[in-house]
Amino acid sequence: MPMTNLVEPAPAKLNLALHVTGRRADGYHLLDSLVCFASIGDEVHLSPGPLSLSIDGPFSEGLASDDDNLCLRAAGLAGAEVAIRLTKNLPVASGIGGGSADAAAVLRGLLRMGHELPADLQRLGADVPVCLASTPARMQGIGEQVTPLPTLPPLYLVLVNPTVALSTPQVFAAMEQHENPALPKIPDFATAKALIQWLRGTRNDLEAPARRLAPVIGEVLAALNATGAGFARMSGSGATCFGIFDTARQAAEAAGILGRHGWWVVATELAQPPAPG
Ligand SMILES: C[C@@](CO)(OP(=O)(O)O)[C@H](O)COP(=O)(O)OP(=O)(O)OC[C@H]1O[C@@H](n2ccc(N)nc2=O)[C@H](O)[C@@H]1O
Ligand SMILES: Nc1ncnc2c1ncn2[C@@H]1O[C@H](COP(=O)(O)OP(=O)(O)O)[C@@H](O)[C@H]1O
């Protein structure tokens, strides 16, 4: 039965590993990425009505509710008349898929309201297909090949953004080496330790160019390591970095210490899969 007013979470996307394996003739890059989703995220509220968007939340300032907003673009592509309220909890242009996660949440909500998924989701953004399911996946191609993975072990995460917005195209353009090896075989991870061990054999190929554009990323990674992260890396095109901690308590304590830098800091865990239907 189609639903009317509803709320859809838009979980933050994390690229636990991100290899750039080539570049297409149109300039888009081929990726091989282990992607997961955090319980922190934006929130999308949908209700029937003429197409409209209002934005609230800690990062609403500086994000226009105009036709370029990915929420409106997603609803427009689906041909839906819907009133959208976006609660923007995630920093904008920060490598954790905020815009793509929002677009995917609007599309999930519209599905629940009885609409159909539009063709060619990638017109909205390379990350939209993986954000649609918001469950752990291997992402390949330019983002259109999404292979779901088994559930990951519990992860106690701290996300840190030094409040520097990085433009995704600029970070790709600053890469020096576009052809890098693919990810090693992804096993079924029984524990966080096993996952970390595997991550040590992988990279984020966008980290070096992002650090050249925003050297503070190096400080963030050093600070995560200094507060006891078992593993720390930048996500996507940055500048948000994640640390993996042994326990929720250690993550919360580290977040308290890291918050003193004046950065955006949050302790979080992996997202629960979205409710079916
Ligand atoms: C790098 C990644 C990794 O997950 O994450 P973010 O840093 O954006 O979170 C994504 O591929 C980003 O996805 P998304 O932010 O949706 O990118 P899009 O809007 O489609 O593309 C923005 C620009 O990034 C470059 N781009 C994007 C994806 C890709 N596979 N190759 C590219 O070269 C292109 O210059 C493109 O014009
Ligand atoms: N709903 C939205 N949330 C965030 N950014 C949006 C949204 N709609 C459009 N954008 C635009 O998309 C760009 C990329 O933002 P975002 O998706 O947050 O970053 P990233 O791709 O690095 O994860 C921003 O510069 C912003 O202007």
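Two strands count as paired if DSSP finds at least two bridges between them. Helices (H or I, at least four residues) and strands (E, at least two) are DSSP runs, numbered from the N terminus. This is a predicted model, in which local features need pLDDT of at least 70 and side-chain atom pairs count only at pLDDT 80 or more, while totals for chains, interfaces and linings use all residues. Residues are numbered from 1 along each chain as its sequence is written, and chains are lettered from A and ligands numbered from 1 in the order in which they are written.

**The sheet**
- Four strands form an open, antiparallel sheet in the order β8-β9-β7-β10.
- Its edge strands, β8 (231-234) and β10 (264-268), each pair on one side only.
- Neighbouring strands are turned by 15° against each other on average, direction ignored (axes are lines fitted to C-alpha atoms, for helices over the stretch in contact; angles run from 0 to 180 degrees between N-to-C directions).
- Strand β7 (residues 156-161) is joined to β10 by 5 antiparallel bridges, and V158 stands opposite A267 in β10.

**Helix on the sheet**
- Helix α7 (residues 216-226) packs on this sheet and touches β7, β8 and β9 (241-245); contact requires C-beta atoms, placed from the backbone, within 7 Å.
- The direction of α7 makes about 10° with that of β9.

**Around ligand 1**
- The shell has 21 residues, of which H29, G125, A126, G236 and S237 come nearest (C-beta atom, placed from the backbone, within 6 Å).
- Two or more shell residues come from each of β1 (6-23), β2 (29-48) and α4 (168-173).

Key:
Contact = placed C-beta atoms within 7 Å.
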